[in-house]
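Morning, everyone. I will take a few minutes on one part of this model, so please have it open.

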Amino acid sequence: MSSHRLIALGTSSALPTKVRNHNGYLLRWGSLGVLFDCGEGTQRQLLHAGVSSRQIDLICLTHLHGDHCLGLPGVLQRISLDTPGRRVTLAYPEEGQEYIDRLRSASLFYDQVDLTMLPIPAYESPQEILRTAEFILSAASLNHRVPTVGYRVTDLPGISFDAKALASRGITGPAVGRLRRDGAITIDGVTTQLAEVSQPRRTRSFAFIMDTAPCENAVALAQDADLVVMEATYTDEHAELAQVHGHSTASQAARIAEDAHANVLALTHFSTRYANTDQHLEQARSVHPGTIALADLDQVPLPLTVRQ
């Protein structure tokens, strides 16, 4: 199974249904796991998906509406029981601190989680907020009724060597490591610069854009992303409701993905007024053909797009 993949744990909006749980999405990125939003029932959805709490290294909340955060107490308590002392980072809009404090103390339990708090200011453009051994996490403010942030995950920058170019210059074994470290190496009187035998490595990128009206930061977060997960609460005939409530329609989400030159758009956060997502897909694909609609427990490999 791909080491880079998305697992949809819950894809409904304000109300759960018999087939759609409140919001939760686990992103596997190499050896690390990021839980985006944590609605009520997320702990049970993890079990249905075959995911252990031991796989959660980072929890990123977009905002503090209940369908995105009421599952946090249970998930933290499960981590505490399963892996005492596990280090977990919790990111959230800093203006929601009082609600985070309440959620962390929602019930009595022996708290054994090594929790790092990462409150996020209202950034006017995407800013790096965390760098791990596997990726860079960025965040930016979105346009909802309450303080809300979107997230972007990107591979660490790196280089790929040209094997033929290395061989032609006699650079092998430990010499390759020295070239990477020092930026240049001299062999048999010939100096080779790193840039002469390498190129920037193509990096994967993922954007998570939830509960927002269309805005510039949504496009910025999604720029050239391999996979964008974005809310599509309404279809076009309910565009006025979307505007009133600070949400997006399926075609608006598709326009953001198209403007950002994103590869795959995964729609989610569907209103319970719709029996299925056929209209969402039809309207979105007319704008961005590479659109899918998520269902609970779907697993989506993160594509590595080769762009011209």
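The buried residues of helix 9 pack against helix 7 (216-222), strand 15 (227-231), strand 16 (264-268) and helix 10 (278-285). Contact here means heavy atoms within 4.5 Å. This is a predicted model: local features need pLDDT of at least 70, side-chain atom pairs count only at pLDDT 80 or more, and totals for chains, interfaces and linings use all residues. Residues are numbered from 1 along each chain as its sequence is written, and side-chain values use heavy atoms, with hydrogens and water left out. Helices (H or I, at least four residues) and strands (E, at least two) are DSSP runs, numbered from the N terminus.

Which residues of helix 9 are buried? In this helix, residues 250-259, they are A250, S251, A253, A254, I256 and A257. Buried means under 20% relative accessible area, with a 1.4 Å probe and protein chains only. Just after helix 9, H261 has a positive phi of about 60°.

Seven strands make an open sheet with mixed pairing, in the order 7-8-9-14-15-16-17. Two strands pair if DSSP finds at least two bridges between them. At the edges are strand 7 (127-131) and strand 17 (291-293), each pairing on one side only. Inside the sheet order, strand 8 (residues 135-141) and strand 9 (residues 149-155) run antiparallel, joined by seven bridges, and I136 stands opposite T154.

Helix 9 packs on this sheet, touching strand 15 and strand 16, and its direction makes about 155° with that of strand 16. Axes are lines fitted to C-alpha atoms, for helices over the stretch in contact, and angles run from 0 to 180 degrees between N-to-C directions. Helix 10 lies across strand 16 and strand 17, at about 170° to strand 17.

Methods
Buried means under 20% relative accessible area, exposed over 50%, partly exposed in between (1.4 Å probe, protein chains only).
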